[in-house]
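Hi,

Here is the structure we talked about. Please open it first, then read my notes below alongside it.

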Amino acid sequence: MWKQLGEHIRQYWVIYLTLSSVYLAGVVFGGVGVNALGVSETSQLVNFLDTLLKNQPTAFEPAFLGQLARDMFIMMAGIWILGLTIIGAPLIYLIVFTRGFILGFTISFIIGAKGTLGIALVLTTVFVPTIFAVPLLLLGAGLATIFSFLLLRGKARGESLRREFLYYTAAAAFVSIGAVAVGVAQGYFSILGLRLLTL
């Protein structure tokens, strides 16, 4: 499996490099975007963050973990659906950029608002899940982009893409399962992080 994955990435390295660049651009813009906030917006977001941290569960609640898993599944399912359309590639890139922007903005804002506590909060609740979430996001987006391009080429040549569709769907399902697992892990790390910070 790992050998096939490596061959797949080497074959379509340009697409994955482009997606990675778009994601990193989103992270940078998100981090810089915090500086564009006014005093009132910053104050409102700080109050929202404090409220969110207070209402964050400190016990392993199935509903909370299930919601995070559903959010990840919906995102990956949306990317899969976009891959089934010829015009889906730009929207896939927009999703990747947006996810990067959210990460960059979140990290920059939390650290700016909470200082040292914010760094600890980011490391315990954001950093570890992100290590696994980002490759899965890029892989799912890459598969969708590739299939979207195959659709465009197949339509022009009148080719049947049944075998490619089955491969794409199976690979996307595998990536989605991983993303759901990461969503659950994110919930665990959030809860553990809050427990450690409130000791």
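This is a predicted model: local features need pLDDT of at least 70, side-chain atom pairs count only at pLDDT 80 or more; totals for chains, interfaces and linings use all residues.

**Overall layout**

The chain has 199 residues, and 36% of them are buried.

**What the record says**

The UniProt entry is unreviewed. Its "transmembrane region" annotation covers residues 12-37, 72-94, 101-124, 130-153 and 165-189. I checked two of these spans against the model. Residues 12-37 are 81% helix and 0% strand, and the end C-alpha atoms lie 38 Å apart. Residues 165-189 are 100% helix and 0% strand, with 35 Å between the end C-alpha atoms.

**The nonpolar core**

Which residues have the most contacts inside the largest nonpolar core? They are Leu 19, Tyr 23, Ile 79, Val 96 and Leu 143, in a core of 40 residues. Helix 2 (13-33), helix 4, helix 5, helix 6 and helix 7 each give at least two residues to this core. Helix 6 has the largest share, with 14 residues.

Start with Leu 19. You will find Leu 19 in helix 2. Is Leu 19 buried or exposed? Its relative accessibility is 0%, so Leu 19 counts as buried. Now set aside its neighbours within four places in sequence. Leu 19 is then in contact with Tyr 93, Val 96, Leu 138, Ala 141 and Gly 142. Take the pair Leu 19 and Gly 142. They are 123 residues apart in sequence, yet their C-alpha atoms are 7.3 Å apart in space.

Next, Leu 143. Not counting residues up to four places away in sequence, Leu 143 touches His 8, Tyr 16, Tyr 168, Ala 171, Ala 172 and Val 175.

**Ile 92**

Ile 92 sits in helix 5, which runs over residues 89-114. Ile 92 has a relative accessible area of 0%, so this residue is buried. What does Ile 92 contact, leaving aside its neighbours within four places in sequence? The partners are Ile 79, Leu 82, Gly 83, Ala 141, Ala 144 and Thr 145. Ile 92 and Trp 80 are 12 residues apart along the chain, and 9.2 Å separates their C-alpha atoms.

**The cavity**

How many cavities of 30 Å³ or more does the structure hold? There is 1. The volume of the largest cavity is about 40 Å³. Its lining consists of Met 76, Ile 79, Trp 80, Gly 140, Ala 144, Tyr 168, Ala 172, Val 175 and Ser 176. Helix 4 (62-83), helix 6 (116-157) and helix 7 (162-197) are the elements that give two or more residues to this lining. Helix 7 gives the most, with 4 residues. By class, the lining has 7 nonpolar, 2 polar and no charged residues.

Some of these names have come up before. Ile 79 and Ala 144 are among the contacts of Ile 92. Tyr 168, Ala 172 and Val 175 are among the residues that Leu 143 touches.

**A pocket to look at**

Turn to the second largest pocket. About 920 Å³ of space lies in this pocket. It is lined by 30 residues. Leu 5, His 8, Leu 139, Leu 143 and Tyr 167 lie nearest its centre. Helix 1 (2-11), helix 6 and helix 7 each supply at least two lining residues. Helix 6 has the largest share, with 11 residues. The lining has 23 nonpolar, 3 polar and 4 charged residues.

His 8 is worth a click here. His 8 lies in helix 1. Leaving aside neighbours within four places in sequence, His 8 is in contact with Tyr 16, Leu 139, Leu 143, Ile 146 and Tyr 167. Of these partners, Leu 139, Leu 143 and Tyr 167 are also named among the residues nearest the pocket centre.

Best wishes

Note on methods. Residues are numbered from 1 along each chain as its sequence is written. Side-chain values use heavy atoms; hydrogens and water are left out. On a 1 Å grid over the protein atoms alone, a cavity is a set of points where a 1.4 Å probe fits but cannot get out, and a pocket is an open set with protein on both sides within 12 Å along at least five of seven lines; lining residues have an atom within 4 Å of a point. Grid points are joined across faces, edges and corners, and a volume is the space filled by probe spheres set on the points. Ala, Val, Leu, Ile, Met, Phe, Trp, Tyr, Cys and Pro count as nonpolar, Asp, Glu, Lys and Arg as charged, and the others, Gly among them, as polar. UniProt positions are given in the numbering used here, feature names are shortened, and annotations may be inferred rather than shown by experiment. Buried means under 20% relative accessible area, exposed over 50%, partly exposed in between (1.4 Å probe, protein chains only). Contact means heavy atoms within 4.5 Å. A nonpolar core is a set of buried Ala, Val, Leu, Ile, Met, Phe, Trp, Tyr and Cys residues joined through side-chain atoms within 4.5 Å.
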